[in-house]
Each structure stands twice: as structure tokens, then as C-alpha cells.
Amino acid sequence: MSKRYLLALYNNFDEAEAVVSELRNSDIKGFDAADDLVVKSPIEHPEVEEFLGEKPVKVQWFTLGGALTGGLLAFTLIAGSQASFYSQMKGGKPIVPIPPDLVLTYEMFILGGVYITVLGFLICAGLPARRSPLYSAKVSEDQIGILVKAEDGSVAKLREIFTKHKALEIQEEAGR
Amino acid sequence: MGKDIREDIAWAQINKDVLKSLESPRKLYWVILLVAIAMVGVAVGCEIYQYNVGLGVGNFDNPNVWGLYIATFIFWIGMSHSGTLLSAILHLMHADWRKPIYRFAEAMTTFSLMTAGLFVMVHLGRLWQVYYALPYPSERWVWPNFQSPLLWDAMAIFTYLSSSVLFLYIGSIPDLAICRDNIHQGWRKKLYSILALGWEGTDRQWRNFRITYLTVACFLIPLAVSVHSIVASDFAMSQQPGWHVTSFPPYFVAGALYSGCAAIITLFIILRYVFRFEEYMTLPILKKTVRLTFAIAMVWTYLNCIEFAATWYSHDEAAKAVLIEKATGRFAPFFWGMIFCGSVVPFALMVKKWQTSIPVMFAVSLLLNLGMWLERWMIVAPTFSHGYYPWTWDEHMWPSMVQWGIVFGSFGWFTLLFMVFCKVVPSVSMYEVKEMVYHRSLAKKKEEQAVKEELAAKGAN
């Protein structure tokens, strides 16, 4: 059966929360709240996370990997370039002096951490992204959007739920 | 003290007001832009002349090999710390009053670092020799000295600049999406569509955004401290009298935060007027920034005293002679000017009535920055002119108009970049102001509810 997208717009988070709760508890054919429901909001709202249920964020793993790689890479490259002068007279000083090398290692630790965190953000947030099937500029202004994907036959039921909670506008489009 | 922001501002109104700033600023904006372009013209002219004739036209000689360029380089690096303070440190401390003003502070960080970077090349005279400071081997596979603070500096500034640009950009994505949705034609529409990366404010995007922003903020704080500590190491790790001081790194960091905060006050006042941001850049927020600046001014003053005391009691006669020379010799007016502007003028920030007086705060912030620029000059010049060997002393060298012209033009360059940025990217973060308004209105509702319940309980009794 073909899929359809529905976007309902709400005035405030309370209404959006009520809709999400009802959708999660409803038994709509071909609709799974975990995968087929997206909340779009103009601000970062911790309560959205609460009513949607906790979802893991993996950006920190990118951060850890990036920072460690940056630091190790820096130290290896610097120590390598210094070690290539092993035959030079150093006057008793170490060929690879650890304390001054730590400064650049530290800088590269941060550089790697920042770059890879940003890369991780883009991957985890799915950016750059194409426009989703339904989008309203009102979401970037002051309204909360609830986008759902469901089978054709469930559209009426979804519309009923949206309307019950005073949706300001409902948009519908055939899925891909 | 009044409210930082009105809780009843409609979110749509926030978008409208901020987007308007991208299209129709006051006429003063164009005046500032033209003056900035003229100032850049002066600097470009001086640089072309210096490039063709040689560094001698700057009146550099031996021992005065570092002049205004390095002093101004430190000044601009210091200026960049304000963005990190307002964005990262206050973000971690949940000080939400920073929200309407942190974006332009972040932009300040980026553009002041870009301006500082130029001075490294200007100072070299032969611009292409900048590669000696980059981790790149020569044709004989000789690498630069990785133990030199100058190389650390190049790397630290690159790290700080690129991380600040990313931090500024990531934090602007939701606002760029607002611009994309509200500007319907022309090059701006295309630009915002590309830069917004298809942001739609989904729960997945916000979730990852929050963690990313916080993580990068956490990285930026130690990075900012390391950058100015390394700049301080350029001096403190040398054997020059007056520079070999243990307290130099914290002294430099405090000075950086201080000049950054003072510059924030200046730009706050300019942007508030030019872009009609009176609703967002409010006087209570100015007051908080002023108080923060005063606190940092006192830290800087304390560290200054530490530096003087350390020199005075260290039995390092050469360093002591430099200090005496600064206070009584040719540099005395500038040295005492620095003390006056940096340590005495800040007491004006304590006067309650003046804390919200736009003209007074504008004048004070300019004086504070003058003091901080003088501080950097007083670190660089006196030491060179009064070194260890009396036969190298040269207190009569005065920077030529070429040096002054390039320093003057750098302010125009910074202003030009900054003002163009504010016209293209919203200088007030719309989504963060909405969050601020939302959370404050929730708090107000809760407060009213509690009062009602209390009254009801009293009535029942």
C-alpha cells in the first residue's frame, strides 16, 4: 500500500505533546511512532525529547575519536620530523622533547575534536538534507509541526487526531 | 533593574525585527562602512609602500625590531576572546542573558583573529616568508622548530580561527534557515538555502545540535586560554628584560578578556542603534556586560600589580630598569595613560547611573580599549629600546606614519568585515532569543500560579 505524509501545525508545545501522546498510544495500521513521526520546532525544546522518548545521540563518539586522532597524529608527525635528525648533535638534549611537543599535541587534540565533532553532527543530524516531503516556513517562525508517514488507509484517522487537538493547518502529500 | 527582555514579544515579531536588520539599517551603517573602507585604503597604501621599499620605512631598526605591528597583533588576538567568553563560558554557566548578544561577539572573535593574522605577514615585510612559521619542510627537509612558541602561535591561531568559524557557523544554522524561509528572491535566498543545509528544526536535528554546540563550546574555552598563553609565551619564554615573567600567560588572558568585553560594549551600542535592536540589546543586558567588564578589569589590574611587584622585588636589575624607564622615560605618558585607562577609568563602570547611560558607556568602552592597546605597546616597545646592553639602547625610535597607517587601517578592516557580516547574517540569534522569551514566560506563569495558589490558600483559611 502506498504511503502518505501529513504535516499538522500547532500553536504551542502542549498541544503538540498531546498529539504525540495520542499517536504513540494509538493503533494505526502502518504507522510506527518511533520511525514515522517527526516533530519540527522553531526552538530547541527539551520537553520534545521527553514526550518523544529518549533517543541516543552519537556525536560524542565522533568527538572522542577526532580528539584522540588529532592528538596522536600531531605527536607522531612532530616526533617523526624531530627523529629524522637523530644523527645531529643535540648537546645532551632529547631528540624528541616531550614537554614542548605536548603544546602542539594539545592544539591538534582540540582541532581534531572540533572538526570531527562538526562532521559527526552533520552525519548524525542528516545534514545537508533535501527538503522533507512537507515543510512549512511557519515552523521556523512560531509553530510546531508534526510530520507523520502512514498508509493511505490511515489518513482519515490521523486527520481526526490532528483536528481533535486543534491543528492550525494540515498538509498532505503522497509519499515516495 | 528592569527585565533583560520582554516575555510577551511574539516569536514572529522576533523574526521580523531581526530580518529587517538585514535589509534596512539606519543611514549610519553606510557612513560607518564608507569610513571603514577609507581606513582600509590608508592601510593598503601604507602596506604597498612598505612592501616595495622595505621594513625600514616603518622606522624599524636594531634593537627596535618589533613595533606597533606586534603590539596590535596581540591586541586583536585579545579582542577575539570576548566571543568565547560570551558564547562558550556563559553558555556553560546557563547565563541566558547572553543570548541576544553572543552572535556578534562570536563574529568579533572570527574577524579580530583574521585581522590579527594579517599583522603576522605585515610584520614580516616579505609576506611569503610566513611559511617559515608553518609546519612545512624546506627543500632540504629541514622542518621548522617545533619547540618555538612562534610556531605554536601559528598553529594555535589557525586552530582557534577555524574552530571559531565552525562554532559561529553551526550556531547560525537555525537562523540561516529562518532567513531562507523568509527571504524569497535574489542572491540572498540562494546563499541562505546553501548555508542552511536543509535545516528544518526536526527533533533529530535539535538533539544533535545541542550536543554539538555544547561540545564545541567546551573545546573553545581551553583553546582560547591556550592561544593567549602561547602569545604570552612568545614573550615570556625569551630572555628579554621585562618579559621573562611567570605571570605573563594569565596576565595576557585577563587582558584579552578585558579588551574583548570593552569591545563588546562598544559594538553593542553601535549595533543597538544602527539596526534598531533596542528591544533585544536592552539596557539591563548592557548593565550585566558592564559589571562583567568591571570584574575582569579588576583581575587585570591585580595581575598588573603582580607583574610590577615581581619585577621590583626580583633583583633583576635590567627588568627593573625597563620598568623605571616605562614610568619615567619617553614612554611615561603612554604608560600612565595605560594605567589610567585600564585601571582607573573602569571605576566609572561602578556608577549605577552610568551603567545604563549609552553615551557614557560608549566613551568609557573606547577608553578601556585605548588602555588595552597601550598595554600591548608598553609590553613590546620599552623592552626592545632598553635591553640588557646600554650600547643597544635606543629610546628615540618613533614608529613612522607607515606603521601608524597600517594600525589605523586594521580597525577599518575589522569594522568592514564585521559590518558586512551583520548585514548578511543575523547579528541577534533569533532562535535563542525565542528560547529566552519562552523560558522566561514559563517562569513568569509559574510564579503567577504560585501567587494565586498562595492567595487561594490564605482565603480558604
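## B:Ala236 and its surroundings

B:Ala236 lies in helix H8 of chain B, in a model that is predicted. Because 19 C-beta neighbours fall inside 10 Å, B:Ala236 counts as partly exposed; the label of buried would require 20 or more.

Leaving out residues up to four places away in sequence, B:Ala236 touches B:Trp243, B:His244, B:Val245, B:Phe248 and B:Pro249. B:Ala236 can also be placed relative to B:Pro149, from which it is separated by 87 residues in sequence and by 9.7 Å in space, C-alpha to C-alpha.

## The contact between chains A and B

The contact takes 44 residues from chain B and 47 residues from chain A. On the side of chain B that touches chain A, the elements giving two or more residues are helix H1 (11–23), helix H6 (149–182), helix H8 (203–236) and helix H16 (430–460) of chain B. The largest share of this side, 16 residues, comes from H8(B), the helix in which B:Ala236 lies. By class, the side of chain B that touches chain A is made up of 23 nonpolar, 13 polar and 8 charged residues.

## Nonpolar cores

The largest nonpolar core holds 148 residues, and those that touch the most other members are B:Met108, B:Val227, B:Tyr258 and B:Leu271. Helix H9 (residues 248–274) of chain B provides the largest share of this core, with 17 residues. For B:Val227, once its neighbours within four places in sequence are set aside, the contacts are B:Ile77, B:Ala156, B:Ile157 and B:Tyr160.

A second, separate core has 22 residues, among them A:Tyr10, A:Leu23, A:Val48 and A:Leu158.

The domain assignment divides chain A into domain 1, which is formed from 3–56 + 131–174, and domain 2, which covers 59–124. The C-alpha centres of these two domains of chain A lie 46 Å apart.

Helix H5 (residues 98–124) of chain A has 27 residues and spans 36 Å from its first C-alpha to its last, which is close to the 39 Å expected at 1.5 Å a residue. Confidence within chain A is highest in H5(A), at a mean of 94, and lowest in helix H3 (residues 46–52), at 74. Over chain A the mean pLDDT is 85, with 95% of the residues reaching 70 or more. Where pLDDT is low, predicted coordinates should not be read in detail.

## Backbone features

Most residues other than glycine have a negative phi, and most peptide bonds are trans. Just after H5(A), A:Gly126 takes a positive phi of about 70°, and a cis peptide bond, with omega of about -10°, joins A:Leu127 and A:Pro128. A:Pro128 is found in the loop between H5 and strand S3 (144–151) of chain A. In chain B, the peptide bond from B:Asn62 to B:Pro63 is likewise cis, with omega near 25°, and B:Pro63 is found in the loop between helix H2 (27–53) and helix H3 (68–79).

Positive phi values also occur in chain B at residues other than glycine, including B:Leu197, where phi is near 55°, and B:His315, where phi is about 65°. B:Leu197 lies in the loop between helix H7 (186–195) and H8 of chain B, and it counts as partly exposed because it has 18 C-beta neighbours inside 10 Å. B:His315 is found in the loop between helix H10 (283–313) and helix H11 (317–328) of chain B; with 8 other C-beta atoms within 10 Å, B:His315 is exposed.

Terms used:
Residues are numbered from 1 along each chain as its sequence is written. Chains are lettered from A and ligands numbered from 1 in the order in which they are written. This is a predicted model: local features need pLDDT of at least 70, side-chain atom pairs count only at pLDDT 80 or more; totals for chains, interfaces and linings use all residues. Domain bounds come from an automatic or database domain assignment. A nonpolar core is a set of buried Ala, Val, Leu, Ile, Met, Phe, Trp, Tyr and Cys residues joined through C-beta atoms within 7 Å. A residue is buried if 20 or more other C-beta atoms lie within 10 Å of its own, exposed if 12 or fewer, and partly exposed in between; C-beta atoms are placed from the backbone. Helices (H or I, at least four residues) and strands (E, at least two) are DSSP runs, numbered from the N terminus. Two residues are in contact if their C-beta atoms, placed from the backbone, lie within 7 Å. The expected span of a helix is 1.5 Å times one less than its number of residues. pLDDT is the predictor's confidence in each residue, from 0 to 100. Ala, Val, Leu, Ile, Met, Phe, Trp, Tyr, Cys and Pro count as nonpolar, Asp, Glu, Lys and Arg as charged, and the others, Gly among them, as polar.
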